[in-house]
Amino acid sequence: MGKRVLVAARDLFFRSKLAAVIQAVGAEGTRDVAACDLAVIELGAADVEARIRALVGRGIPVLAFGSHVKPDEQRAPREAGAVAVPNSQVEERLRGMLG
């Protein structure tokens with residue numbers, strides 16, 4: 001069985017693009033936070049930093065992504081141990097993390 005990937009994204013466009021990447025590499029999407037091997041989280045939600053810290057604290061790799069015009073938004077996830085990239089790089093980075 002491939003990796004189980006949690007995608008927490010408000011944007012339907014990104015959710016569908018990321019789901020396609022997950023499927024293409026033979027991984028599986030999940031909504032179960034407790035059962036994921038990797039989490040992909042869209043930045044911008046009020047509780048996102050706490051969520052990222054909790055996942056990283058459990059040893060779950062986190063790929064955070066957000067707008068390139070808000071680079072400061074990516075600093076806290078990086079400091080928490082996540083990989084944080086602009087929207088334009090999330091698909092490529094996800095492929096790399098699943099490869």
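In this predicted model, the largest pocket is lined by Val5, Leu6, Val7, Arg15, Ala19, Gly29, Thr30 and Arg31, and its volume comes to about 220 Å³. Two or more residues of this lining are given by each of β1 (4–8), α1 and β2 (28–30), with β1 providing the largest share, namely 3 residues. Sorted by class, the residues lining the largest pocket comprise 4 that are nonpolar, 2 that are polar and 2 that are charged.

Helix α1, which contributes to that lining, also packs against another helix. Helix α1 (residues 12–24) and helix α4 (residues 90–98) meet at an angle of about 30°, and their axes lie 10 Å apart. Because angles under 35 degrees count as roughly parallel, α1 and α4 are described as roughly parallel to each other, and their crossing is right-handed. On the α1 side the contact is made by Phe14, Lys17, Leu18, Val21 and Ile22, while α4 supplies Val90, Glu91, Leu94, Arg95 and Leu98. This contact of α1 with α4 holds 7 nonpolar and 3 charged residues, and no polar ones.

The class composition of the two sets of residues is set out below.

Terms used
Residues are numbered from 1 along each chain as its sequence is written. This is a predicted model: local features need pLDDT of at least 70, side-chain atom pairs count only at pLDDT 80 or more; totals for chains, interfaces and linings use all residues. Side-chain values use heavy atoms; hydrogens and water are left out. Axes are lines fitted to C-alpha atoms, for helices over the stretch in contact, and angles run from 0 to 180 degrees between N-to-C directions. Helices (H or I, at least four residues) and strands (E, at least two) are DSSP runs, numbered from the N terminus. Angles under 35 degrees count as roughly parallel, over 145 as roughly antiparallel, 65 to 115 as roughly perpendicular and the rest as oblique. A crossing is left-handed if the near helix is turned anticlockwise from the far one by less than a right angle, and right-handed if clockwise. Contact means heavy atoms within 4.5 Å. Ala, Val, Leu, Ile, Met, Phe, Trp, Tyr, Cys and Pro count as nonpolar, Asp, Glu, Lys and Arg as charged, and the others, Gly among them, as polar. On a 1 Å grid over the protein atoms alone, a cavity is a set of points where a 1.4 Å probe fits but cannot get out, and a pocket is an open set with protein on both sides within 12 Å along at least five of seven lines; lining residues have an atom within 4 Å of a point. Grid points are joined across faces, edges and corners, and a volume is the space filled by probe spheres set on the points.
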